Structure formats: structure tokens, C-alpha cells
Amino acid sequence: MNGTTHTNGTSTHVLSDESIPPSEYQERIENVRNGLRSAGLVGLISFGDCWRGANICYFTEFRPLDGVSDIANAIFFLGVDEKQPVLFVSKQCVHYATEVTSFPVSSFDEMKPRLEAFAARVHTGTLGLAGAFYFPEDLSRRVRESIGNLILKETQVLAEIKAIKSKREVALIRKASALTDMAMVAIRDTLADGNPHTERELALIADRAMLAGGAERTGYDSMVQAGPRSAFNLARPTDRIVQPGDLVMTDIGARYRGYVADGGRGFTYGNASAEKIAIVKAAASAVEAGLAAARPGITASDLNKAIQQALLKSGYEQYSSEARGHGTGHGTGMDPEEEQPWIGPGNKTILRENMVFTLKATITVPGVGGLRTERIVRLTEDGCEPLDVFPMELYW
């Protein structure tokens with residue numbers, strides 16, 4: 001087996017050549033520590049769960065497991081002047097988490113005394129909170145009751161640091177993107193036989209193609225919506241058969257070694273009306289406008305404006321959430337959607353080299369159909385590099 005072995009406590013964990021090595025995790029911890037110090041924070045409480053794990057997985061291979069108990073949650077705690085961080089997980093997961101984590105792991109039952117001891121040492125100051133939007137009330141209460149006079153306040157320090165990807169991270173996202181492209185190839189080739197196929201069948205075929213190519217699982221539930229159902233912004237696939245003349249929306253992504261691609265494509269099937277073809281062209285053109293504008297130094301809001309204005313000019317304002325100001329892209333990496341950079345109105349974040357994000361345009365016309373066209377990109381020194389390469393204008 002290719003790779004190296006690192007030992008943590010009594011366990012031995014084998015790393016493949018594609019895995020993030022312990023040295024990179026340690027570098028991330030120190031970068032965040034320095035970022036917190038520069039922001040005047042005394043530490044970080046970073047929450048993640050089994051659905052949105054990036055705030056945890058940035059520091060460890062451990063990812064919480066799906067479940068209705070506390071196995072679904074984890075907290076990463078880093079004190080700016082503490083020697084080591086601590087990962088708090090369900091007591092049911094401590095042994096597993098310890099096996100894949102290079103720093104101490106404790107159960108949630110041990111969190112209160114650990115935080116109380118930290119608060120007693122530093123006395124006053126502000127703890128940054130990452131993952132505030134989905135931090136469960138019970139855990140929030142337990143943390144706040146344990147930090148004495150310290151203030152817990154939402155921070156973007158972690159989001160801004162993890163938005164810039166390392167070479168290894170880019171390589172893993174590129175692989176996930178290639179697997180997502182394979183899913184679209186599988187859908188195209190299936191429809192080419194001329195036989196009837198349902199939305200649910202096509203979604204399953206896409207999933208199988210990604211798994212057969214090496215994906216560890218899908219990044220999220222695959223969506224295929226055909227005909228009038230393609231006018232739903234988001235929906236699960238059904239047993240509806242794709243009909244000639246349909247506009248079809250897909251939103252599919254692979255997860256590969258902890259990293260995700262978020263891919264959206266739409267296409268016409270068979271002889272389609274000029275109106276449906278125009279929707280495909282308008283969405284693709286809007287994303288192309290974003291690709292042309294994307295470069296380091298531009299603000300997220302200005303990049304959003306390039307796509308938004310293209311959608312406005314196309315005449316689909318009332319049928320596009322992006323045209324109406326929802327935002328035309330988002331960071332992606334260990335989660336399909338990450339906090340930064342949010343490509344949307346009002347976000348003055350300056351885009352930097354090696355940020356990875358999607359650019360997207362959604363058009364949904366009730367009674368006609370719709371699609372979401374997305375491209376995953378990495379900012380380069382003077383522009384951007386698409387990480388997925390499947391065409392955006394599709395007429396099958």
C-alpha cells in the first residue's frame with residue numbers, strides 16, 4: 001500500500017499519497033492561531049457537524065457521523081496561548097477520533113472543566129466562534145456556561161484562512177470535479193439510447209459513475225429534475241420519465257478523500273423549443289461573464305455583479321434568484337458550500353490566489369423549466385482555472 005504511517009497514541013493510521021499529511025494540519029493550526037492573535041481574540045470555538053464538517057475537518061481527518069444524538073457534532077477548541085488544541089466529540093466517538101487526530105481528543109462530558117480552566121487562566125477577552133449559523137442551542141449554552149467572563153463572538157478568521165486552498169487541497173477538489181464530470185457523461189450516454197429513463201434512475205446512474213470512479217460518496221443528494229419540475233430551484237428526483245423536449249436540471253457533486261465538487265448543469269433533451277434553448281444559453285453566458293471577470297484583487301461583490309448584470313441583460317430577472325441578489329457563487333472545499341468567499345452583493349472580501357469557489361446562474365421559468373449552471377474555479381495569479389471541464393451549453 002502506497003503512503004506513510006503516522007502513530008497517534010496507541011493507534012496506527014496509514015496515509016495515502018493523496019491524504020493531507022499531519023504537517024499540513026499542524027501548519028493550519030498555527031496559521032489560525034496567528035490569525036486569531038492578529039484579530040485580538042484569545043481563542044476559537046469552531047463547530048462542525050456531519051453535514052457541514054469543514055470547520056472540524058480543516059484540523060483533523062475526523063468527521064462527525066450522521067445521527068440524532070451528539071455523534072453528529074464536534075467542537076474544535078484552540079486557545080491562542082495554549083500548547084495544543086482540543087477536539088471535543090461524543091464519548092461514543094472518542095476512540096475513532098483519537099485514531100485520526102494528531103492532538104488531544106476529549107468527550108463533550110469533559111468540555112466544561114477544560115473550558116473553565118482556560119477561562120480562569122486568561123480571565124478576560126473574546127473567544128471567536130466559527131459555525132455560529134448552525135451551532136446547536138444545547139452546545140452553545142454549555143460553552144457559554146463554561147467560559148466565565150469571556151465573550152463568545154462570531155468570527156470570520158477561520159473562514160477567510162480556509163478559503164485559500166493548498167496544492168494538495170486543489171488537487172483533491174480537481175479530482176472530485178473530474179468525478180462529477182463523469183456523472184454527467186454517464187447521464188448523457190444513458191439518454192443516448194433513446195429508451196425511457198426516470199429522474200430517479202438518472203440520479204442513481206450519476207451516483208454509480210462517481211462511486212465507480214473512486215468517490216467515497218456523493219457530496220450531497222443528487223438532483224435531477226425534468227420538464228416542468230426543472231423550474232423548481234431545488235428538488236429531489238422522482239419517477240417522472242424524461243420526455244423529448246424537456247429542459248432538465250441537474251445538481252450533482254462527488255466527495256473524494258474529504259473534498260467536494262459542487263456541480264450544476266442543465267440541458268435540453270430532444271427537439272426543444274427556442275425558449276428552452278435560450279434559457280440554457282443565458283445561464284451559460286452569465287457564468288462565462290463571471291469567468292472573464294474573476295481574478296485576484298477583485299471583490300466578491302464586484303465579481304457577483306458581472307454575473308448578475310449578464311442575467312439582467314438576458315431578460316430573466318424575475319426568474320433568477322441570482323439576478324435578484326441571492327449571490328452567484330460560494331466557496332467550496334470540504335463542504336459543498338463554505339462561508340468564504342460568498343460571491344454576493346455587499347461582500348467586500350478581496351479575492352486572492354488559490355481561493356476555490358463556484359460561479360453559478362440559475363434560471364427557473366414556471367411551466368417551462370429551468371436549470372442551474374455552475375463552474376468550479378481556482379483563482380490563479382492573473383485569472384481563474386476551471387476545475388470541472390464538462391461543457392455548460394448542452395443540447396441532447
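The legends below describe close-up views of a predicted model. In this predicted model, local features need pLDDT of at least 70 and side-chain atom pairs count only at pLDDT 80 or more, while totals for chains, interfaces and linings use all residues. Residues are numbered from 1 along each chain as its sequence is written, and side-chain values use heavy atoms, with hydrogens and water left out.

**View 1. Helix α4 and its buried residues.** Helices (H or I, at least four residues) and strands (E, at least two) are DSSP runs, numbered from the N terminus. Met111, Leu115, Phe118 and Ala119 are the buried residues of α4. They are on the same side of α4, because they cover an arc of only 100° around the axis. Buried means under 20% relative accessible area, exposed over 50%, and partly exposed in between (1.4 Å probe, protein chains only); the arc is that of the directions from the helix axis to the C-beta atoms. An α-helix has 3.6 residues a turn, so residues three or four places apart point the same way. The buried residues of α4 pack against β3 (43-49), β4 (73-79), β5 (86-89), β6 (105-107), β7 (126-130) and α5 (137-144), where contact means heavy atoms within 4.5 Å. Histidine 123, which follows α4, has a positive phi, near 70°.

**View 2. The buried face of helix α5.** Leu139, Ser140 and Val143 are buried in α5. Seen down the axis, these residues fall within an arc of 100°, so they line one face of the helix. Their cover includes β3, β4, α4 and β8 (151-154).

**View 3. Leucine 303 and serine 301 in helix α10.** Helix α10 spans residues 300-314 and contains leucine 303, which is buried with a relative accessible area of 0%. Neighbours within four places in sequence aside, leucine 303 is in contact with Gly290, Ala293, Ala294, Ile298, Ile343, Leu351, Phe357 and Leu359. Leucine 351 is 48 residues apart from leucine 303 along the chain, with 9.2 Å between their C-alpha atoms. Serine 301 is also in α10 and is buried, with a relative accessible area of 8%. Residues up to four places away in sequence not being counted, serine 301 touches Gly344, Pro345, Gly346, Asn347 and Lys348.

**View 4. The largest pocket.** On a 1 Å grid over the protein atoms alone, a pocket is an open set of points with protein on both sides within 12 Å along at least five of seven lines, and a cavity is a set of points where a 1.4 Å probe fits but cannot get out; lining residues have an atom within 4 Å of a point. Grid points are joined across faces, edges and corners, and a volume is the space filled by probe spheres set on the points. The largest pocket has a volume of about 790 Å³. Of its 32 lining residues, Tyr220, Asp221, Met223, Pro336 and Glu337 lie nearest the centre. At least two lining residues come from each of β9 (217-218), β17 (356-365) and β18 (369-379).

**View 5. The largest cavity.** There are two cavities of 30 Å³ or more, and the largest has a volume of about 60 Å³. Its lining consists of Thr180, Asp181, Met184, Thr250, Ile252, Gly263, Gly264, Arg265 and Asp388. Two or more of these residues come from each of α7 (167-191), β11 (247-252) and β14 (263-268).
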